[in-house]
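Please look over the sequence and the model shown here before reading the report on its sheets and helix packing.

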Amino acid sequence: MSAVLRDTHTIESGLLNGLLSDDTFWPVTPRNLAETGLSESFVEALVLKTVLTIGTLSGRNIAERTGLPFRVIEPMLERLRTRKLVAHVRPAPFNDYYYSLTDAGQRGAQVHMQQCSYAGPAPVPLTDYVLSVEAQAAGLEPIDRDQLQEALQKISYQDELLDQLGPAINSNSGLFLYGPPGNGKTTVARCLTQCLGQEIWIPHAILDDGNLIKLQDDAFHREAPVPEGDGVIKAQEWDRRWLRIQRPTVVVGGELVMDNLEVRHDKRSNICEAPLQLKSNCGCLLIDDFGRQRIQPEELLNRWIVPLENRHDYLTLPTGKKIQTPFEQLIIFSTNLNPDQLVDEAFLRRVPYKIFVDDPSEDEFRAITRAVAESFGFSHGSEAAEHLLAMYRKHDRRRRRCHPRDLLTQVNNFCKYRKLKPQLRPEFLDKACLSYFSEL
């Protein structure tokens with residue numbers, strides 16, 4: 001029966017899609033408890049924990065905090081009142097009441113808290129989450145050169161880089177960005193998510209086999225506005241268990257450990273935390289400074305060799321059950337080392353694009369220096385660039401795209417210290433180079 005209801009739900013989602021936005025997925029408000037995919041006992045426990053955590057709440061406040069429609073919550077509150085677990089405190093507007101826990105309700109809520117202390121928006125079933133990822137996967141719409149140029153418009157790069165990055169993004173498989181440090185590999189990777197399309201929907205949490213997995217993470221997920229509808233279709237008509245966000249960019253560096261790639265279970269709260277690859281679905285996962293993590297590249301190879309090939313992952317829940325989850329993101333490995341030195345041929349075959357990000361040419365270095373000088377309010381940016389290039393030639397120093405920003409920042413700080421107007425004197429540039437490079 002629930003499968004039939006879920007199919008009907010999907011059809012309605014498609015109708016709303018055409019009226020509200022260009023989204024490939026739209027979470028429709030459930031009309032009854034069955035359409036939530038959750039059991040009555042689970043929702044009752046969530047309601048009791050919510051009232052225990054916050055205190056006296058109106059029925060509509062409870063609905064808002066649990067992310068469930070008031071028409072689903074209202075009859076449940078009446079059943080809880082009949083069982084003397086909650087009680088009316090006073091009337092509330094719009095034929096509603098304020099509710100508080102009875103002594104029996106307090107005891108019941110405490111028991112539920114010991115079993116699982118989660119009291120946020122209600123979760124969605126794992127099957128619904130899988131369907132949402134499949135509908136919103138980043139590779140559905142291929143990008144073109146104009147879109148890529150727009151995404152990279154605020155950074156400097158060599159023009160031939162575009163024709164390498166574009167096919168790699170459209171492959172939706174994986175790529176290495178490698179080359180000398182300080183040339184913008186990480187910045188390029190962050191910009192690429194902008195090419196992947198419109199915003200997406202994610203659930204606050206996922207439920208499977210009684211295991212609650214918290215997915216939403218403020219560190220990686222940026223909330224986006226919900227598009228407004230016309231006529232009888234209003235923007236507020238969506239399942240509040242879901243959150244609309246910008247396509248995520250999850251960045252991890254040297255702190256990455258194998259534990260970050262598995263479901264992490266907190267035994268005290270009995271809440272699970274989603275792994276990084278789940279949080280980055282339909283977006284970008286950047287492994288920065290690859291090869292310098294606390295885990296060996298071979299360990300990562302063994303963990304991800306199947307997901308990279310099959311586009312799905314297997315995770316183990318605290319109960320021991322294994323679940324299949326989507327592995328749908330653009331994976332970027334950024335490194336200063338040659339990929340051939342890090343991993344074997346089997347792994348390199350599954351990350352088919354290896355893109356070298358080289359040092360800037362002298363002309364590009366001049367352009368970057370002029371742009372940075374203008375942003376600081378400096379004049380004579382061209383003269384500063386020539387002065388720096390002469391020093392680079394003299395000391396046989398490699399140019400990096402980060403150098404103009406870093407050196408002119410030091411000059412700007414020196415001018416503030418001396419209470420001078422921003423100015424690019426040669427001697428100020430020399431001082432900056434001395435402190436930055438430890439040599440002239």
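## Confidence of the model

This is a predicted model, and the mean pLDDT of the protein chain is 88, with 92% of its residues reaching 70 or more. Among the elements of the chain, β4 has the highest mean pLDDT, at 98, whereas helix α1, covering residues 2–20, has the lowest, at 38.

## The three-stranded sheet

Three strands, in the order β1-β3-β2, form an open sheet with antiparallel pairing. Because β1 (57–58) and β2 stand at the edges with a single partner strand each, one side of each is left without a neighbour in the sheet. Helix α3 (residues 40–54) packs on this sheet and touches β1, β2 and β3, its direction making about 80° with that of β3. Helix α5 (residues 70–82) also packs on the sheet, where it touches β2 and β3, and its direction makes about 125° with that of β2.

Strand β2 (residues 86–92) and strand β3 (residues 96–101) run antiparallel and are joined by six bridges. Ala 87 stands opposite Ser 100 in β3, and the bridge partner of Ala 92 in β3 is Asp 96. The hairpin of β2 and β3 has three residues between the strands, and in it Phe 94 takes a positive phi near 60°.

## The five-stranded sheet

A further open sheet consists of five strands in the order β4-β7-β8-β12-β11, and its pairing is mixed. The edge strands are β4 (124–125) and β11 (264–266), each of which pairs on one side only. Strand β11 runs antiparallel to strand β12 (residues 271–273), to which three bridges join it; in β12, Cys 272 is the bridge partner of His 265.

## The packing of α14 and α15

Helix α14 (residues 362–376) packs with helix α15 (residues 381–395) at an angle of about 135°, and their axes lie 8 Å apart. That angle is why α14 counts as oblique to α15, and the crossing of the two helices is right-handed.

On the α14 side the residues that meet α15 include Phe 365, Arg 366, Thr 369 and Ala 373, while those in α15 include Ala 385, Leu 388, Leu 389 and Tyr 392. By class, the contact of α14 with α15 has seven nonpolar, three polar and five charged residues.

Note on methods: Residues are numbered from 1 along each chain as its sequence is written. This is a predicted model: local features need pLDDT of at least 70, side-chain atom pairs count only at pLDDT 80 or more; totals for chains, interfaces and linings use all residues. Side-chain values use heavy atoms; hydrogens and water are left out. Two strands pair if DSSP finds at least two bridges between them. Helices (H or I, at least four residues) and strands (E, at least two) are DSSP runs, numbered from the N terminus. pLDDT is the predictor's confidence in each residue, from 0 to 100. Axes are lines fitted to C-alpha atoms, for helices over the stretch in contact, and angles run from 0 to 180 degrees between N-to-C directions. Angles under 35 degrees count as roughly parallel, over 145 as roughly antiparallel, 65 to 115 as roughly perpendicular and the rest as oblique. A crossing is left-handed if the near helix is turned anticlockwise from the far one by less than a right angle, and right-handed if clockwise. Contact means heavy atoms within 4.5 Å. Ala, Val, Leu, Ile, Met, Phe, Trp, Tyr, Cys and Pro count as nonpolar, Asp, Glu, Lys and Arg as charged, and the others, Gly among them, as polar.
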